[in-house]
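Please keep the sequence and the model in view while reading.

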Amino acid sequence: MALPTHARIIIVGGGIAGCSTAYHLSLMGERDVLLLEQGKLTCGTTWHAAGLVGQMRPIRNMTQMSRYGIGLYSKLEAETGLATGWKQCGSVNVAATPERMQVLRKQASLARSFGVEVEVIGAQRAGELYPLLRTDDLEGALWIPGDGKANPADLTMSLAKGARNRGVKVLEDIEVTGVLTENGRATGVRTAQGDVRCEILVNCAGQWARQFGRLAGVNVPLYSAEHFYIVTDRIEGVHPMLPVMRDPDGRIYYKEEVGGLVMGGFEPQAKPWKVDPIPSTFQFQLLGEDWDQFEPLMTAAIHRTPCLETARVKMLLNGPESFTPDGNFILGEAPELRHYFVAAGFNSAGIANAGGAGRLMAEWIIGGEAPGDLWDVDIRRFAPFMANRKALSERTGETLGLHYAMRWPRQELETARPLRTSPLYDLLADKGAVFGSKNGWERANCFSPAGAPPAVHGLGRPRWLDWVIEEQRATREAVALYDQTSFSKLLLQGRDAIDVLQRLCANEVDVPVDKMVYTAMLNERGGFESDLTIIRQAHDRFLIVTGSAQTTRDMNWIARHIDPSEHAFVTDVSAMFSVLSVMGPKARELLARVSPDDLSPESLKFSHTREIDVGFARVRAARMSYVGGPGFELYVPIEMTRHVYLALMAAGEELGIRDAGYYALDALRIEAGRRAWGAEIGPDETPFEAGLGHAVKLDKPADFIGKAALLKAQGQPLRKKLVSVVLDSAAHHAWGGEALSIDGEPVGELSSVGWSPKAGACVGLGYVRGDAALRLHSGTHVAIDLWGEAVSAAAWDTWPPRP
Ligand SMILES: Cc1cc2nc3c(=O)[nH]c(=O)nc-3n(C[C@H](O)[C@H](O)[C@H](O)COP(=O)(O)OP(=O)(O)OC[C@H]3O[C@@H](n4cnc5c(N)ncnc54)[C@H](O)[C@@H]3O)c2cc1C
């Protein structure tokens with residue numbers, strides 16, 4: 001078949017991701033689709049994958065994606081006539097420690113709430129389902145009957161056939177060597193055989209996606225690691241319907257293949273594959289055996305399945321696969337280039353997930369908007385600095401190993417840190433700050449008192465809670481200082497800036513100069529693309545303050561909605577200002593000691609801002625509090641931050657000022673019922689569902705994105721409802737992500753949880769879905785699934801209940 005000169009959509013890469021995207025585009029009616037592969041289909045990573053296909057993912061939308069994939073794989077052969085090797089053999093996930101069993105129980109209750117059939121079973125039953133298993137040291141297991149396995153190459157060929165049958169052109173042996181662009185849009189590709197123009201380009205280039213992205217200035221932060229499994233000869237008792245088995249404590253997995261076993265895993269310290277660029281000729285190739293690297297997995301496997309001690313190993317397969325900085329894959333339209341989409345970085349789960357991911361990509365491409373809340377995998381979660389190859393390589397060494405590792409609540413990634421630091425970093429470190437990382441920023445989570453033993457990870461009440469309670473006490477009773485420099489800060493300027501904002505924001509933002517407004521930016525479905533505060537600094541200048549993780553996403557959302565005819569320009573000024581929040585009843589007294597300006601409530605009303613003196617510096621003070629109660633946010637030029645901090649600390653000593661961190665901040669905002677984007681609010685939640693209808697002005701003169709959807713939703717029963725959930729007992733410590741049930745029926749999940757001094761117990765926020773949301777009244781008894789134990793709590797519309 002000759003290379004055409006034009007195709008509406010070009011897909012680069014003929015692995016499972018490219019073929020699934022092509023399949024789904026054709027299923028949705030796109031006929032003019034061209035898939036280009038530099039070698040033969042599957043020749044990259046797909047051909048040598050093990051082929052385990054599981055459906056349990058930690059969040060609802062991702063689980064739905066995986067479940068869809070399984071449904072597709074089970075019927076694809078009937079559609080295309082090409083075998084996929086799909087077998088619904090089920091999977092057994094075992095636990096060798098009590099903590100792992102607790103985690104599995106939590107996963108099971110969440111999975112059930114997402115609609116997955118899963119059974120918590122004892123060690124003996126695990127042994128019956130998987131007779132090769134050593135069970136005497138097991139705590140128990142999960143049995144997921146709907147899981148299975150497939151032959152990755154056959155499955156991909158079957159997807160490609162389905163796509164071809166509906167008109168997709170698939171051309172092999174064509175390497176794309178360049179990307180054509182015009183006016184910030186992808187418009188075609190360059191190949192040795194000629195240029196091909198297109199309207200939409202999709203980068204499905206697997207581990208080549210980063211270097212291919214670079215051709216067009218698109219950041220696809222992934223990096224390859226060597227990845228291993230063994231293949232054995234036939235073993236007695238191993239049959240085609242033997243379940244898939246995972247032993248995460250041993251970091252290993254198993255699958256039957258031709259009467260023998262495929263056993264692989266995720267060693268604690270992975271081996272990045274430092275080849276840059278990866279040659280286009282790396283086709284149907286493998287890397288050399290490395291038994292030293294595989295040794296911890298082999299030892300664990302011989303322990304868990306003693307038959308491996310004597311089984312003949314036919315080969316140790318070592319194939320590279322790409323991993324991302326947070327272990328999640330990369331989907332969506334690139335923020336750097338319109339009409340350029342990416343589906344890559346599958347972190348060793350591409351076979352299981354490409355079926356669903358291909359559908360999401362097709363919906364995204366055709367619909368022009370993410371089809372739901374895909375923030376966990378959205379390419380816009382990455383900032384440009386994440387292209388750094390040293391950081392990527394070190395992080396890949398870590399994230400591969402985390403695949404099966406015990407993930408403790410609030411556990412932080414360790415590599416490629418510290419990177420972005422506030423001017424206070426060293427000062428806070430000296431004062432015992434325990435740092436976490438968000439979007440590369442080091443942020444104090446809490447402060448450990450001098451001489452205190454370090455906090456260790458666990459599932460119960462954390463050691464740091466006592467330290468955090470002191471920070472909370474200072475916030476509620478005196479004054480605490482939070483370094484929130486990591487906030488994303490965007491400056492929107494120009495004659496038409498106000499028109500742009502009015503169109504993007506659901507609240508009235510045409511406010512007097514110096515006023516601050518809390519508002520949502522909504523998508524066409526009425527869901528939150530972001531929530532933000534805006535300070536009008538001049539009639540044509542607005543400082544937009546959003547969450548630390550959302551810089552790229554919000555910049556992109558605003559920039560893409562500025563019409564070329566409009567005079568409005570958005571700039572990321574995050575690194576120009578720090579934000580020091582002084583919170584608590586003595587905050588005003590503190591500022592009075594360092595500033596001659598009048599900050600009385602009459603002079604500076606809530607949600608207003610003003611330039612003031614602090615020490616020798618000039619800062620912008622905003623009367624605003626996220627934690628609830630009185631407080632001020634100070635926007636400080638970055639070079640004066642140290643000075644302002646020291647002045648505040650010296651003046652605050654007598655007032656009992658205390659440094660406080662993000663654990664306290666988060667817990668207090670939950671107690672105060674404040675929502676956080678990415679937790680309680682996101683693209684799938686409307687302001688009505690989130691209880692934030694007050695921040696929407698449906699009657700403002702300007703039309704805004706999402707208004708039509710909200711008008712439609714107004715007066716309709718809510719699909720879900722956000723509630724505060726207060727645990728009955730102080731003895732239980734919840735973390736967020738737990739399933740909620742009423743009378744044994746799953747009704748939703750907790751999105752965030754923190755310790756509340758006011759309740760003397762943990763308080764959470766979470767959605768109750770469907771009919772249960774309509775039946776709920778304040779004080780309804782609910783159960784929280786805490787590591788498998790039903791813990792009693794009460795759900796409230798607002799908490800504390802209004803008298
Ligand atoms: C040892 C091992 C075991 C695994 N086991 C499992 C498993 O059990 N379950 C599971 O779900 N996943 C597993 N995986 C992961 C899975 O294999 C990958 O996630 C998946 O194959 C990635 O598919 P892809 O389409 O993104 O990439 P690829 O299959 O690599 O496809 C990308 C294609 O793009 C082509 N390409 C690149 N650049 C260009 C260009 N410039 N022009 C034209 N073409 C280009 C390449 O030639 C390649 O064919 C495993 C991986 C490994 C290494």
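The crossing of helices H14 and H15 is right-handed, a term that applies if the near helix is turned clockwise from the far one by less than a right angle, anticlockwise being left-handed. The model is a predicted one, in which local features need pLDDT of at least 70 and side-chain atom pairs count only at pLDDT 80 or more, whereas totals for chains, interfaces and linings use all residues. Residues are numbered from 1 along each chain as its sequence is written, and side-chain values use heavy atoms, without hydrogens and water.

H14 spans residues 587-594 and H15 residues 641-652; their axes lie 9 Å apart, and the helices pack at an angle of about 115°. H14 is therefore roughly perpendicular to H15. Helices here are DSSP runs (H or I, at least four residues) numbered from the N terminus. Axes are lines fitted to C-alpha atoms over the stretch in contact, with angles from 0 to 180 degrees between N-to-C directions; 65 to 115 degrees counts as roughly perpendicular, under 35 as roughly parallel, over 145 as roughly antiparallel and the rest as oblique.

A second pair comprises H11 (residues 465-477) and H16 (residues 662-671), which pack at about 60° with axes 9 Å apart. These two helices are therefore oblique to each other. Their contact (heavy atoms within 4.5 Å) involves Val468, Glu471, Gln472, Thr475 and Arg476 of H11, together with Tyr663, Ala664, Ala667, Leu668 and Glu671 of H16. By class, 5 of these residues are nonpolar, 2 polar and 3 charged. Nonpolar covers Ala, Val, Leu, Ile, Met, Phe, Trp, Tyr, Cys and Pro; charged covers Asp, Glu, Lys and Arg; the others, Gly among them, are polar.

Helices H1 (residues 16-27) and H2 (residues 60-80) cross at roughly 75°, their axes coming within 14 Å. H1 is thus roughly perpendicular to H2. Ile16, Tyr23, His24 and Leu27 of H1 meet Tyr68, Leu72, Tyr73, Leu76 and Glu79 of H2, a contact with 7 nonpolar, 1 polar and 1 charged residues.

Attention now turns to the ligand. It is surrounded by 39 residues, the closest being Glu37, Thr46, Leu52, Glu321 and Ala352; a residue counts as near if one of its heavy atoms lies within 4 Å. For Ser348, a backbone N or O atom is 3.2 Å from a ligand nitrogen atom.

Technical notes:
A polar contact is a pair of N or O atoms within 3.5 Å; within protein, one must be able to donate a hydrogen and the other to accept it, and residues adjacent in sequence count only if both atoms are side-chain atoms.
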